[in-house]
Amino acid sequence: MTTASIGAAAALAVIELDAASAAQVMVSRPAVFGPILGAVFGQPALGAGLGVIWELLTLDEAPIGGHLPINATAAAGACLLLCLGPGGAAPEAAVACGAVVGWTHRRFEGALRKRRAACAVRCETRLSAGNAPFLGRTAWLELGKQAGMTFAVLLAVLVLRPALAQWWPGAPDSLQAALRLGLAASPWLGLAALLHALKVIA
């Protein structure tokens, strides 16, 4: 774990807020931050390639309303943190782990969203009593919780990275072959998801 990787995890935790919590100017999309993260670690082609793959795989679903799909920012970010830089894990292993991280983040985010329902009740109670609802403070606090949760998840990924990189070469051949096949097929699966998304829009 290096200062650069910790800084990257912190940056990802902040831009993840763009996915649904704040701004929504698309900087949280894997196709946007993937090449940048790759360039930071001296592997722009790998960063861009994996960013585009995750973009295509997750483009068909967005966190709109109560719908909470796999978190694309967390999944792609974890994948990139695992494989970029010296001593990184194999891309096929990183993609698989990224999917697990994305679904794990989804569960944590769902729990945070349920807790946020109480914020509305507290603000309503303050308003009913003629007091200031402190909407700004409440919003910043909730954004901080979201970013802190994302950072904790990505920090756990960095802690596990050396173990994954060391274990993967000795992993069962069948598992390695399956994940390599999955990585090779992922662009085509992503293109299929893109075509489905375009069909829905049309």
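What follows is a conversation between two colleagues about a predicted model.

Colleague: Let's start with the salt bridges. How many are there by your rule?

Modeller: The count comes to three salt bridges. Each has to bring a Lys or Arg side-chain nitrogen within 4 Å of a carboxyl oxygen of Asp or Glu.

Colleague: What makes R29 and E55 a salt bridge?

Modeller: The N to O distance between their side chains is 3.0 Å, and the cut-off is 4 Å, so the pair qualifies. This pair links distant parts of the chain. R29 sits in the loop between α1 (3-15) and α2 (30-40), while E55 belongs to helix α3 (residues 44-58), 26 residues apart.

Colleague: Next, E109 and R113. Why is this pair called a salt bridge?

Modeller: The closest N and O atoms of E109 and R113 are 3.6 Å apart, and that lies within 4 Å, so the name applies. The two residues are four apart in helix α5 (residues 91-128), so about one helical turn separates them. In general, an α-helix has 3.6 residues a turn, so residues three or four places apart point the same way.

Colleague: Now M149. Where is M149 found, and why is M149 called buried?

Modeller: M149 is found in helix α6 (residues 135-167). Its relative accessible area is 12%, under 20%, so M149 is buried. Beyond its sequence neighbours up to four places away, M149 touches H105, F108, E109 and L112. M149 and H105 are 44 residues apart along the chain, with their C-alpha atoms separated by 8.3 Å.

Colleague: On to the largest nonpolar core. Which residues have the most contacts inside it?

Modeller: Those are L37, L50 and L81, in a core of 36 residues. The elements giving two or more residues to this core are α1, α2, α3, α4 (72-83), α5 and α6. The largest share, nine residues, comes from α4. Leaving out residues up to four places away in sequence, L37 touches A8, L12, L80 and L84.

Colleague: Which residues of α2 are buried, and how do you know on which side they lie?

Modeller: P30, F33, G34, L37 and G38 are buried in α2. They cover an arc of only 140° around the axis, so they are on the same side of α2. The face turned away from that buried side carries the exposed residues I36 and V40. Among what covers the buried residues are α1, α3 and α4. Just after α2, G42 takes a positive phi of about 80°.

Terms used:
Residues numbered from 1 in each chain as written. Predicted model: local features only at pLDDT ≥ 70, side-chain atom pairs only at ≥ 80, totals over all residues. Heavy atoms only, no water. Buried < 20%, exposed > 50% of the residue type's maximum accessible area, 1.4 Å probe, protein only. Contact = heavy atoms within 4.5 Å. Core = buried A, V, L, I, M, F, W, Y, C linked by side-chain atoms within 4.5 Å. Arc of directions from axis to C-beta.
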